[in-house]
Amino acid sequence: MRLLALCLLMTASFASVADAYRDLYQTAGWQQQRVHFRDALEAAQQRYQPTLPPAVFNALVANSNQRFAAPAIDQRAMNALRAQLADPQPALTFYRSPLGRKIVAAEVKATRPDEVARHADGVPRLEAGSNRQLLIRHLAQALPASEAGAEVSLALGGVAADSLSQMVPGLLSGAYAQSLLQSQRQRLVQQVEADLDDILLYVYRDLSDPELEEYLEFARSAEGQAYYQAALGALRAGLAVGLSGSELEWDRGI
């Protein structure tokens, strides 16, 4: 009887941890951001339409829709988050707080299609005092924001390349493709980093200096760093950057 009770207790404990990962995924705005990514994907698809033959364009849309299907993104990202984040509770507690909810609302608003279109040429430069500028600079160093921005750009930019590689096997494969991907990643990170302070000043413009200080305290903490590094890994997994269509087929079979 005691063994049965212990097994039930362990099962309940594991289920609670699993629920915490799902709750974190939802509370931190991942599902809303995925919806916004799909909007950006559709816009990217349409940009290719005037320049491609109908058969090629249809293949591009079919391939990218399959790669970036909502359940597939969620499953890959959730699996990576579980694998890379030992304890989801500290981040979940932070994002459930009033400040955490305010941060998520600001980030989700910043990636809405209308906001992205409005600031296609860059966000407005906001005036800020020296203390706020310093807080933002430290926050930019604590968050993997430039790396995350690069991954999204790579995923959207890779739509056509993935379709071409499926139509012409061997065109973009092997060590050359990985080397090219890494060089693109580094270039994009540098581009985002150059404007990152202005971007964060704009995105978090409604946060007070004390709120920024509290956010920075969490971001710099061991628990915050563990979450943000796991989140970057989950983003890469969810967007399947660098994985070929055949590798995704293999991954779905696991």
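This is a predicted model: local features need pLDDT of at least 70, side-chain atom pairs count only at pLDDT 80 or more; totals for chains, interfaces and linings use all residues.

Q: OK. At what angle do H2 and H3 pack?
A: About 165 degrees, with the axes 10 Å apart. H2 covers residues 30–48 and H3 covers residues 54–67. The two helices are therefore roughly antiparallel to each other.

Q: Which residues make that contact?
A: On H2, the contact is made by Arg38, Leu41, Gln45, Gln46 and Tyr48. On H3, the partners are Phe57, Leu60, Val61, Ser64 and Asn65.

Q: And is the crossing of H2 and H3 left-handed or right-handed?
A: Right-handed.

Q: Next pair. How do H5 and H6 cross?
A: At roughly 80 degrees, and their axes come within 4 Å. H5 and H6 are therefore roughly perpendicular to each other. Phe94, Tyr95 and Arg96 of H5 make the contact. From H6 come Pro98, Leu99, Gly100, Arg101, Ile103 and Val104.

Q: Stay on H5. Which of its residues are buried?
A: Ala91, Leu92, Phe94 and Tyr95, in a helix that runs over residues 89–96. Seen down the axis of H5, the buried residues fall within an arc of 160 degrees, so they line one face of the helix. Phe94 and Tyr95 are buried and also take part in the contact with H6.

Q: Why flag that?
A: Because most residues other than glycine have a negative phi.

Q: Where is Ala240 placed?
A: In the loop between H12 (222–239) and H13 (245–252).

Q: Buried or exposed, that Ala240?
A: Buried. The cut-off is under 20% relative accessible area, and Ala240 has 1% relative accessibility, so Ala240 counts as buried.

Q: Zooming out. How many helices and strands are there?
A: There are 13 helices and zero strands.

Q: What share of the protein is buried?
A: Buried residues make up 39% of the 254 residues. The protein exposes about 14,000 Å², and carbon and sulfur atoms supply 58% of that area.

Definitions and conventions
Residues are numbered from 1 along each chain as its sequence is written. Side-chain values use heavy atoms; hydrogens and water are left out. Buried means under 20% relative accessible area, exposed over 50%, partly exposed in between (1.4 Å probe, protein chains only). The arc is that of the directions from the helix axis to the C-beta atoms. Accessible areas come from the Shrake-Rupley method with a 1.4 Å probe; for residues, only the protein chains shown count as cover. Axes are lines fitted to C-alpha atoms, for helices over the stretch in contact, and angles run from 0 to 180 degrees between N-to-C directions. Angles under 35 degrees count as roughly parallel, over 145 as roughly antiparallel, 65 to 115 as roughly perpendicular and the rest as oblique. A crossing is left-handed if the near helix is turned anticlockwise from the far one by less than a right angle, and right-handed if clockwise. Contact means heavy atoms within 4.5 Å.
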